[in-house]
Amino acid sequence: MTFLSPTNSTLTLPDLLVLETLLGDAESTTKGISLNRGLENCRPRASLTAFSSGEPRSAIEATIKRLKALNDPNDSDFDPTVVLGWDRGDFELHPFMDRWILQPYAKLAREIVRVETDVVIITHVLLYFTTSFPSAILLFQHFHWIHGLMHWAMQAYLVGTYTLMMHQHIHMGGLLKREFLWFDTLFPYIMDPLMGHTWNSYYYHHVKHHHVEGNGPDDLSSTIRYQRDELFDFLCYISRFLFLTWLELPLYFVRKGKFSFAFKTAAWEFGYYIFLYLFWRYICWKATIFVFILPLLQLRLGLMVGNWGQHAFVDEANPKSDFRSSVTVIDVASNRFCYNDGYHTSHHLNPLRHWREHPVSFLQQKDRYSAEDALVFQNIDYIMITNRLLQKDYKYLAECLVPIGNQVGMTVDELAIMLRKKTRRFSAMDIRSKF
């Protein structure tokens with residue numbers, strides 16, 4: 001029997017409900033042996049007795065209905081995300097603050113964002129334009145080394161959330177209603193460089209390339225040709241992206257006959273490098289390092305560390321399955337602060353799915369996830385999955401696994417062996433026969 005890590009009590013409500021359902025499912029399968037270690041200390045707003053009634057299907061349907069209500073502006077339980085750090089039920093504002101500040105702000109923001117749950121988008125756009133943007137301007141006007149270091153540290157803190165906000169932007173073709181299209185189109189060209197993104201590269205690499213290839217042999221960020229628990233392979237993977245993506249991505253589009261994408265990708269990438277050179281040469285090279293270059297290197301390193309964790313476990317029998325070549329993680333860093341990025345399998349199944357819909361979709365397809373022996377982790381994010389893999393700490397990873405399907409009832413050692421098999425390098429013969 002597995003022993004799950006204590007559940008973090010700062011999980012979002014949808015995450016708590018999803019985790020409760022999975023653990024209840026496993027518990028009912030193992031004849032009542034408790035797998036809920038840690039859940040008893042979570043916030044009381046989530047019932048921990050989903051399967052105690054003996055009617056698991058009706059309990060799941062009730063949970064799905066509850067999650068849908070949270071996302072439905074026409075439902076009395078509708079709960080837009082205003083800030084990422086906490087949910088509405090986590091605290092009680094002073095009536096004056098709630099009536100005259102929070103509610104008017106949320107109402108106004110809902111008139112601006114494309115999806116009414118996304119009040120937080122306005123919150124964060126305001127945050128970036130009142131912190132990152134003026135700080136960068138001040139650095140170019142009056143550079144100081146301490147300010148430069150503090151600015152870089154601030155961007156390191158903000159970049160994860162910003163990148164996953166832009167992840168939604170590039171998949172949805174924007175975040176705001178059509179009457180605000182001008183700003184929706186313009187602000188990424190201002191903010192992207194401050195966060196380490198070259199212009200439009202995220203869109204072309206992620207949407208037009210990665211989701212087309214799906215971690216397959218032609219995916220430039222594919223993990224299948226690497227031994228995913230070896231440091232040397234990981235360093236080769238990182239180095240290839242850092243030093244060659246500027247060339248490989250345009251060439252990929254050329255090979256695929258997508259010449260327009262090839263030209264645009266190269267033009268935006270080299271145009272950005274010219275932009276950096278001009279700022280370095282004619283404005284302030286020291287500020288350019290802290291405002292643009294360090295965030296660029298940091299982001300590209302972070303993207304590949306995260307992608308390694310997202311696609312480290314690839315099923316040896318059916319590597320083309322989205323259920324078996326990506327993972328789901330239920331943790332605070334990925335889902336509370338990064339727009340449900342932990343539901344990576346759900347995202348690959350439908351890249352256009354809105355981030356608030358991932359927990360609902362997961363529960364609706366729970367039986368399929370179980371039948372496919374998909375991997376679901378709790379209390380660990382993609383970066384720490386990568387870290388543990390490079391330490392070959394499969395026991396820790398197994399302890400973080402939420403057992404579903406055939407995994408239910410397996411011991412930690414058995415789960416560790418299963419996970420190790422899914423990180424093996426695919427040979428050229430494997431790739432020819434399985435893709």
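The model is predicted, so local features were taken at pLDDT of at least 70 and side-chain atom pairs at pLDDT 80 or more, while totals for chains, interfaces and linings use all residues. Residues are numbered from 1 along each chain as its sequence is written, and side-chain values use heavy atoms, with hydrogens and water left out.

A nonpolar core is a set of buried Ala, Val, Leu, Ile, Met, Phe, Trp, Tyr and Cys residues joined through side-chain atoms within 4.5 Å. Buried means under 20% relative accessible area, exposed means over 50%, and partly exposed lies in between (1.4 Å probe, protein chains only). The largest such core holds 44 residues. I121, Y162, M165, F187, F292 and Y339 have the most contacts inside it. Two or more residues come from each of α4 (119–130), α5 (132–141), α6 (145–172), α7 (181–195), α8 (201–213), α10 (259–283) and α11 (285–310). Helices (H or I, at least four residues) and strands (E, at least two) are DSSP runs, numbered from the N terminus. The top contributor is α6, with seven residues.

Contacts were defined as heavy atoms within 4.5 Å. Leaving aside residues up to four places away in sequence, Y162 touches Y128, F187, P188, M191, D192, M195 and H197. A second core is separate and has 29 residues. F313, I380, L401 and L419 are among them.

Helices α6 and α8 pack against each other at about 65 degrees, with axes 10 Å apart. Axes are lines fitted to C-alpha atoms, for helices over the stretch in contact, and angles run from 0 to 180 degrees between N-to-C directions. From α6, the contact uses T163, M166, H167, I170 and H171. From α8, it uses Y202, Y203, H206, V207 and H211. Five of the contact residues are nonpolar, five are polar and none is charged. Here Ala, Val, Leu, Ile, Met, Phe, Trp, Tyr, Cys and Pro count as nonpolar, Asp, Glu, Lys and Arg as charged, and the others, Gly among them, as polar.

An unreviewed UniProt entry places a "Fatty acid desaturase" domain at residues 152–359. UniProt positions follow the numbering used here, feature names are shortened, and annotations may be inferred rather than shown by experiment. Over residues 152–359 the chain is 68% helix and 2% strand, and the end C-alpha atoms are 33 Å apart. The unreviewed entry also places a transmembrane region at 119–139, 234–254 and 274–297. Residues 234–254 are 100% helix and 0% strand, with end C-alpha atoms 27 Å apart. Residues 274–297 are 96% helix and 0% strand, and their end C-alpha atoms lie 17 Å apart.

N215 lies between α8 and α9 (231–255). Its phi is near 65 degrees, a positive value in a residue other than glycine. N215 is buried, at 2% relative accessible area. K392 lies between α17 (382–390) and α18 (394–400). K392 also has a positive phi, about 55 degrees, although it is not a glycine. K392 is partly exposed, at 35% relative accessible area.

T117 sits in the loop between α3 (95–110) and α4. T117 is buried, at 3% relative accessibility. Not counting residues up to four places away in sequence, T117 touches N71, F78, P80, T81, H354 and R356.
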